[in-house]
Amino acid sequence: MGVDAGYAPDDHRYLRIGFRLDPDPNAVMGTPFTEEVVADYGERWCDELQVFHNPRAKFQLPLEAFQGATQHTFEDGQLVSYSVGTPVLSSQTMIMRLTGDEELKEATVQ
């Protein structure tokens, strides 16, 4: 989110690798993805948030309480999940520092 807000150093690059939800109900794995993280990337704080509603709660929270998050609840005894788009199941971000030829030569000699 810092990169998205413009706080990334000029000599760094960020590559996000992971799996998104596969909408096929028979899928056993997510769909792999790779994205470069740049300014205006568009990541929201709730993109990977998973909310599990307690079916025995005295005061049930409405689905609208966590808009944008993936939510899981029971309806008529069946687990039902609601999400927007294709939510990220897991990911990691690789941070790379770019170096010039001279810096690379010095680093390998030492």
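The legends below describe close-up views of a predicted model.

Local features are described only where pLDDT is at least 70, and side-chain atom pairs only at pLDDT 80 or more, whereas totals for chains, interfaces and linings use all residues. Residues are numbered from 1 along each chain as its sequence is written, and side-chain values use heavy atoms, with hydrogens and water left out.

View 1. Strands (E, at least two residues) are DSSP runs numbered from the N terminus, and two of them pair if DSSP finds at least two bridges between them. Strand E1 (residues 12-20) runs antiparallel to strand E6 (residues 88-97), with nine bridges between them. Within this pairing, Leu15 has Met94 of E6 as its bridge partner. E1 also pairs in the antiparallel sense with strand E2 (residues 31-37), over seven bridges. Here Tyr14 is placed opposite Val37 of E2.

**View 2. The salt bridge between Asp11 and Arg97.** A salt bridge is a side-chain nitrogen of Lys or Arg within 4 Å of a carboxyl oxygen of Asp or Glu, and the count by this rule is three. In the pair formed by Asp11 and Arg97, the closest N and O atoms are 3.4 Å apart. Asp11 belongs to the segment before E1 and Arg97 to strand E6, so that the pair links parts of the chain 86 residues apart. Relative accessible area is classed as buried under 20%, exposed over 50% and partly exposed in between (1.4 Å probe, protein chains only). Asp11 is partly exposed because its relative accessibility is 29%, and Arg97, at 49%, is likewise partly exposed.

**View 3. The salt bridge between Glu48 and Arg16.** The closest N and O atoms of Glu48 and Arg16 lie 2.1 Å apart in this salt bridge. Glu48 is in the loop between E2 and E3, and Arg16 is in strand E1, 32 residues apart. Arg16 is buried, with a relative accessible area of 5%, whereas Glu48 is partly exposed at 35%.

**View 4. The salt bridge between Arg20 and Glu35.** An N to O distance of 2.8 Å characterises the salt bridge between these two side chains, Arg20 and Glu35. Arg20 in strand E1 and Glu35 in strand E2 are 15 residues apart. Glu35 is partly exposed, at 21% relative accessibility.

**View 5. The surroundings of His53.** His53 is found in the loop between strand E3 (50-52) and strand E4 (70-75). Because its relative accessibility is 11%, His53 counts as buried. Its side chain makes a polar contact of 2.6 Å with that of Gln71; a polar contact is a pair of N or O atoms within 3.5 Å, and within protein one must be able to donate a hydrogen and the other to accept it, residues adjacent in sequence counting only if both atoms are side-chain atoms. Beyond its neighbours within four places in sequence, His53 is in contact (heavy atoms within 4.5 Å) with residues including Leu61, Pro62 and Thr73.

How values were computed. Helix = DSSP H or I, 4+ residues; strand = E, 2+ residues; numbered from the N terminus.
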